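This report covers a pocket, a metal site and aromatic contacts. The sequence and structure are shown first.

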Amino acid sequence: MSGIKCCVCGWPGLEEDPAPMYDNHDICCCCGTQFGLEVRSVGDIAGVRREWLEEGAPWFYDDDDENDPADDDETTKEPNNWNKSAAEEQIKKAFG
Ligand SMILES: [Zn+2]
């Protein structure tokens, strides 16, 4: 876990901090936000977060391929019991 939080969902596993330019095209494994696409400035964050929660906060990264060594990273996997309230809890923890 990198500890770098996604500014949309609060997931602490981003490879690079997207702020302040929001153009690194990193994709959050949790909410699927692509910085530089969905989020291009700090003003986009709240709307993208709301839409994601309205969709039920689906985990983005699909980890079905057991044979792909790139999938060995535990942090990209959907946590057990992941759901919308877990997402809301994560957001609360990250942003208060
Ligand atoms: Zn995210």
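## Largest pocket

A pocket is an open set of grid points with protein on both sides within 12 Å along at least five of seven lines. In this predicted model, the largest pocket has a volume of about 150 Å³. Twelve residues line the largest pocket, and Trp11, Gly13, Glu15, Cys29 and Thr76 are those nearest its centre. By class, the lining comprises five nonpolar, four polar and three charged residues.

## Zinc site

The zinc ion has four protein donors, Cys6 (SG), Cys9 (SG), Cys28 (SG) and Cys31 (SG), which lie 2.3 Å from the ion. The arrangement is tetrahedral because the four donor atoms subtend angles of 105 to 114° around the zinc ion. The spacing of the donor residues in sequence is C-x2-C-x18-C-x2-C. Cys6 and Cys31 both lie in the segment before helix 1 (45-54), so this pair ties together parts that are 25 residues apart in sequence. Cys6 and Cys31 are both buried.

## Aromatic pairs

The whole structure contains four aromatic pairs. The ring centres of Tyr22 and Phe35 are 6.4 Å apart and the planes stand at 35°, so this pair is tilted. Tyr22 and Phe35, 13 residues apart, both belong to the segment before helix 1, and both are buried.

Trp59 and Trp82 form an edge-to-face pair, with 5.0 Å from centre to centre and 80° between the planes. Both lie in the loop between helix 1 and helix 2 (84-95), so the pair ties together parts 23 residues apart in sequence. Trp59 is buried at a relative accessible area of 11%, and Trp82 counts as buried at 14%. Ring pairs join Trp11, Trp52, Trp59 and Trp82 in a cluster.

How values were computed. Residues numbered from 1 in each chain as written. Predicted model: local features only at pLDDT ≥ 70, side-chain atom pairs only at ≥ 80, totals over all residues. Heavy atoms only, no water. 1 Å grid on protein atoms, 1.4 Å probe; cavity = no way out; pocket = protein on both sides within 12 Å on 5 of 7 lines; lining within 4 Å. Points joined across faces, edges and corners; volume = space filled by probe spheres on them. Nonpolar A, V, L, I, M, F, W, Y, C, P; charged D, E, K, R; others polar. Donors = N, O, S within 2.8 Å, 3.2 Å for Na, K, Ca; no water. Tetrahedral: all angles 85-135°; square planar, octahedral: opposite > 155°, others 65-115°. Helix = DSSP H or I, 4+ residues; strand = E, 2+ residues; numbered from the N terminus. Buried < 20%, exposed > 50% of the residue type's maximum accessible area, 1.4 Å probe, protein only. Phe/Tyr/Trp six-rings, centres within 6.5 Å; stacked < 30°, edge-to-face > 60°.
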